[in-house]
Amino acid sequence: MARNRIIYQSQAVRINGNTVNGVQSASYGLDLAREDVTQYGQLGAVDRVILEAPTSNLETSFYVSGLSLVNTQNMLSGSITGGQFPLLVGLSAEGADYSAGGGQTSVSIKSGYLTSYSAEASVGAIPTNSMSFEGLDITYGSDSVAAPAALTSFPLQQDVELSLTSDYANFTTHAQSASFSYELGVEPLQQLGGALAYARVPSYPANATITVDGLAVSGDLGAAIANINAIQQRGSTATEVGFAEIAALSLNIANYKYQLLNATLDSVSFDSSIGDNATCSATFSCSIGGANSHSNFRLV
């Protein structure tokens, strides 16, 4: 029977050989950058040519428990060194739960590079992950994707914990939302004699951030001011004014612990108005230059 439409119950997502459970959304496509060829004497373009390598992409969001801790760790660490991950979206018969049986079609990106990863938790919502990939290719085929496992357990807001260091003991707030994000640009490499990119390599530095929004029980800005005015030791004799580093900051979602190492406080703000709760927002970040970077993040 010909396909009339695609609905989410009849799809499945596989990343790096692992079927993702609890998928909430998936989008994929191909970007083509074309340039008009023009000349004096003609109003219209003579041609529209591709000068930049086409870019395939996949974005998906899923419950935090959708990929195992080990698989997620391998992908995050592998992305920093330029690792490629095969991606597949299976398309089954419409109007029924996804099945990996015969007649299935699929969309495949064989060389996907992780460019963005985030985990978000908020009061009244199920914690979710989001991943974005860029690739060198995209094809349609008949590769099989295993059906997702039965969804029996997933983290809720009571499974989320934010941990700050003792430097922020007076920074008291009841968190309403918290998110971890990781961004890494990738640069396509091309060569004469070919129109397509032959590789995509990491474009450093990468950035990892944790953002917290909460009810402002305390309006203490002392930690932020001390952070700005702190003097750090630079070498054995010289000192200079810089940003104080936070030894460790972590966001725990069930068994997934997102931790920033040697992070800095980038912004903090308090907001209040008549009729509304006073709120606080703070952003912590670290810049990652590679496997031996002084500041880093880890998932444990």
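Two residues are in contact when they have heavy atoms within 4.5 Å. Among such contacts in the protein chain between residues at least 6 apart in sequence, 71% join residues at least 24 apart. The model is predicted, so local features need pLDDT of at least 70 and side-chain atom pairs count only at pLDDT 80 or more, while totals for chains, interfaces and linings use all residues. Residues are numbered from 1 along each chain as its sequence is written, and side-chain values use heavy atoms, with hydrogens and water left out.

The secondary structure of the protein chain comes to two helices and 19 strands, taken as DSSP runs numbered from the N terminus (helices H or I, at least four residues; strands E, at least two). Of the 300 residues in the protein chain, 37% are buried; buried means under 20% relative accessible area, exposed over 50%, and partly exposed in between, with a 1.4 Å probe and protein chains only. The chain exposes about 16,100 Å², of which carbon and sulfur atoms supply 50%. Accessible areas come from the Shrake-Rupley method with a 1.4 Å probe, and for residues only the protein chains shown count as cover.

Strand β8, which spans residues 105-122, contains serine 116. Serine 116 has a relative accessible area of 15% and therefore counts as buried. Leaving aside neighbours within four places in sequence, serine 116 is in contact with Ser130, Met131, Ser132, Tyr182 and Glu183. With glutamate 183 there is also a polar contact, side chain to side chain, at 3.1 Å. A polar contact is a pair of N or O atoms within 3.5 Å; within protein, one must be able to donate a hydrogen and the other to accept it, and residues adjacent in sequence count only if both atoms are side-chain atoms.

Most residues other than glycine have a negative phi, and most peptide bonds are trans. Tyrosine 204 and proline 205, however, are joined by a cis peptide bond, with omega about 0°. Proline 205 lies in strand β13, residues 199-216.

Two asparagines have a positive phi. For asparagine 16, phi is near 55°, and the residue sits in the loop between β1 (11-15) and β2 (18-19). Its relative accessibility is 31%, so asparagine 16 counts as partly exposed. Phi of asparagine 262 is likewise near 55°, but asparagine 262 belongs to strand β17, residues 256-271. Asparagine 262 is also partly exposed, because its relative accessibility is 22%.
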